[in-house]
Amino acid sequence: MKTILWATLTANGNYAQSGPENPPRKEALDDFFTHAKAAGNFIVGRRTFEGMRGSGGPGPFADIDIVVVSKSATEIPGVKVVRSPEEALG
C-alpha cells in the first residue's frame, strides 16, 4: 500500500492552521483536491474535514472515498468514520 502525507506549510516552516476563523487558502485546497482525486481517497481528521467541507455538499469530494479520524464523531454522512489512524490504514 502506498501512503502519501500531504500537509500545508507556511513560509516560516510551521504547519498552516485552518478552521472557521482561519480557512485554508484556495490554492492549498486546489492542490489537495488534485492529489486526492488522483488517489481516489484520503484520510483526514474531523476538524480539518469540517473546515475543508465548508457549507457541505460533495463539491470537489464527489467520487472520492473519505475516511475521517475522530474519537467523538460516530457518523458523518457520506464518509467512513474511524477511531484511530491505525484503523484508517487497516
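Mentor: Among contacts in the chain between residues at least 6 apart in sequence, 31% join residues at least 24 apart, contact meaning heavy atoms within 4.5 Å. The model is predicted, so local features need pLDDT of at least 70 and side-chain atom pairs pLDDT 80 or more, whereas totals for chains, interfaces and linings use all residues. Residues are numbered from 1 along each chain as its sequence is written, and side-chain values use heavy atoms, leaving out hydrogens and water.

Trainee: How many helices and strands are in the chain, and in what order do the elements run?

Mentor: The chain has three helices and three strands, and from the N terminus on they run α-β-α-β-β-α.

Trainee: Why is Phe32 called buried?

Mentor: Buried means under 20% relative accessible area, exposed over 50% and partly exposed in between (1.4 Å probe, protein chains only). Phe32 has a relative accessible area of 9%, so Phe32 is buried, and Phe33, at 11%, is buried as well. In the chain as a whole, buried residues make up 27% of the 90 residues.

Trainee: How many aromatic pairs does the structure hold, and what makes the pair of Phe32 and Phe33 edge-to-face?

Mentor: There are two aromatic pairs. In the pair of Phe32 and Phe33, the ring centres lie 6.1 Å apart and the planes meet at 65°, so the pair is edge-to-face. The rule is that rings of Phe, Tyr and Trp (its six-membered ring) pair if their centres lie within 6.5 Å, with planes under 30 degrees apart counted as stacked, over 60 as edge-to-face and the rest as tilted. Phe32 and Phe42 also form an edge-to-face pair, with 4.8 Å from centre to centre and 85° between the planes. That pair links distant parts of the chain, because Phe32 sits in helix α1 (residues 26-39) and Phe42 in strand β1 (residues 41-45), ten residues apart. Phe42 has 6% relative accessibility and therefore counts as buried, and the three residues Phe32, Phe33 and Phe42 form one aromatic cluster.

Trainee: How do you know that the buried residues of α1 are on the same side of the helix?

Mentor: In α1, Ala28, Leu29, Phe32, Phe33 and Ala36 are buried. They cover an arc of only 130° around the axis, so they are on the same side of α1, the arc being that of the directions from the helix axis to the C-beta atoms. An α-helix has 3.6 residues a turn, so residues three or four places apart point the same way. On the other side of α1, Glu27, Thr34, Lys37 and Ala38 are exposed, while β1 and α2 are among what covers the buried residues of this helix.

Trainee: Where is Gly40 found, and why is Gly40 counted as partly exposed?

Mentor: Gly40 follows α1 and has a positive phi, near 85°, in the loop between α1 and β1. Its relative accessibility is 21%, so Gly40 counts as partly exposed. Leaving aside neighbours within four places in sequence, Gly40 is in contact with Asp63, Ile64 and Asp65. The C-alpha atoms of Gly40 and Asp63 are separated by 7.3 Å, although these residues are 23 apart along the chain.

Trainee: What makes β1 and β3 the edge strands, and how do you know that β1 and β2 pair?

Mentor: The three strands form an open sheet in the order β1-β2-β3, with parallel pairing. Strands β1 and β3 (80-82) each pair on one side only, and they are the edge strands. Two strands pair if DSSP finds at least two bridges between them. Five bridges join β1 to β2, which run parallel, and Asn41 has Asp65 as its bridge partner in β2. Strand β2 (residues 65-69) and β3 pair in the parallel sense over three bridges, where Val67 stands opposite Lys80 in β3.

Trainee: Why is β2 described as largely enclosed?

Mentor: Four of the five residues of β2 are buried, so this strand is largely enclosed by the rest of the structure.

Conventions:
Helix = DSSP H or I, 4+ residues; strand = E, 2+ residues; numbered from the N terminus.
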